Amino acid sequence: MGCIKSKQGLSQEDLDFLKSHTRYDENTIKEWYKGFKQDCPNGRLTPPKFVDMYKLFFPSGNAEQFCDHVFRTFDTDKNGFIDFREFLLAIDVTSAGTPEEKLKWAFRMYDVDGNGVIDQDEMTKIVQAIYDMLGAGAVKPTDTAEERAKNIFNRMDENKDGHLTEEEFLKGCLQDDELSKMLAPNVTT
């Protein structure tokens, strides 16, 4: 699924695919591609480069752990790098997607082991990564990441089976603005 089919740039196949799978028009896709190629001349966004980009947004925090989770979610073919298709599909969902699309994306990020459910440990890992990323400059939460994760988890786990399904996660977030803001920032319901 490489985004570079030729040295000339964006292939027609990729352009057509992105026009039909994102909310972007041809000119916007080409502009995004130009910027992507400037940052990643070989067409591959690697984990270290991804972390460097995130650090620009969160200079006082430790973005590495959070970036690992985001990177894993963007790298849909699991080949260890993000190509332009994966990049633009992810940007589309996270910036222009519906609240439900954004929450489904967030669910995949929280489902660290990819087994289709979120357990307490996975929730704690992500909440801790968010706390770490916010860093010293942020207003410190009054609870620990573990306490926050446990509270969130218990509120969402309707059947109390110790696992959150995508349905429970979506329902919990869509019914609770505070949860939605914490677990999937940029989701406006």
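In which hand, left or right, does H4 pass H6? The answer comes once the chain has been laid out.

This is a predicted model, where local features need pLDDT of at least 70, side-chain atom pairs count only at pLDDT 80 or more, and totals for chains, interfaces and linings use all residues. Residues are numbered from 1 along each chain as its sequence is written, and side-chain values use heavy atoms, with hydrogens and water left out.

Start with the outline. The chain has ten helices and four strands. Both are DSSP runs numbered from the N terminus: helices are H or I with at least four residues, strands are E with at least two. From the N terminus on, the order reads β-β-α-α-α-α-α-α-β-α-α-β-α-α. Of the 189 residues, 42% are buried. Buried means under 20% relative accessible area, exposed means over 50%, and partly exposed lies in between (1.4 Å probe, protein chains only). The chain exposes about 10,300 Å², and carbon and sulfur atoms supply 53% of that area. Such areas come from the Shrake-Rupley method with a 1.4 Å probe; for residues, only the protein chains shown count as cover.

Now go inside. The largest nonpolar core has 50 residues. A nonpolar core is a set of buried Ala, Val, Leu, Ile, Met, Phe, Trp, Tyr and Cys residues joined through side-chain atoms within 4.5 Å. Tyr110, Met123, Phe169 and Leu183 have the most contacts inside this core. Helix H7 (residues 120-134) gives the most to the core, with seven residues. Take Met123 as an example. Beyond four places in sequence, Met123 touches Tyr110, Ile118, Ala149, Ile152, Phe153, Leu164 and Leu183. Contact means heavy atoms within 4.5 Å.

Ala149 counts as buried because its relative accessibility is 0%. Ala149 and Gln120 are 29 residues apart in sequence, yet their C-alpha atoms are 7.1 Å apart. Leaving out residues up to four places away, Ala149 touches Gln120, Met123, Thr124 and Val127.

Arg155 also lies in H8 (residues 145-156). At 41% relative accessibility, Arg155 is partly exposed.

Two packed helices are described by the angle between their axes and the distance between the axes. The axes of H4 and H6 (residues 99-110) come within 9 Å and cross at roughly 115 degrees. Axes are lines fitted to C-alpha atoms, for helices over the stretch in contact, and angles run from 0 to 180 degrees between N-to-C directions. The crossing of H4 past H6 is right-handed. A crossing is right-handed if the near helix is turned clockwise from the far one by less than a right angle, and left-handed if anticlockwise. On the H4 side stand Phe66, His69, Val70, Arg72, Thr73 and Phe74; they meet Trp105, Arg108 and Met109 in H6.

His69 sits in H4 (residues 64-74). His69 is buried, with a relative accessible area of 8%. Besides Met109, its contacts beyond four places in sequence include Lys125, Ile126 and Ala129.

Finally, look at two loops. Lys78 is in the loop between H4 and helix H5 (84-96). Its phi is near 55 degrees, a positive value in a residue other than glycine. Lys78 is exposed, at 55% relative accessibility. Lys160 lies in the loop between H8 and strand S4 (163-164). Lys160 has a positive phi of about 55 degrees although it is not a glycine, and it is exposed, with a relative accessible area of 57%.
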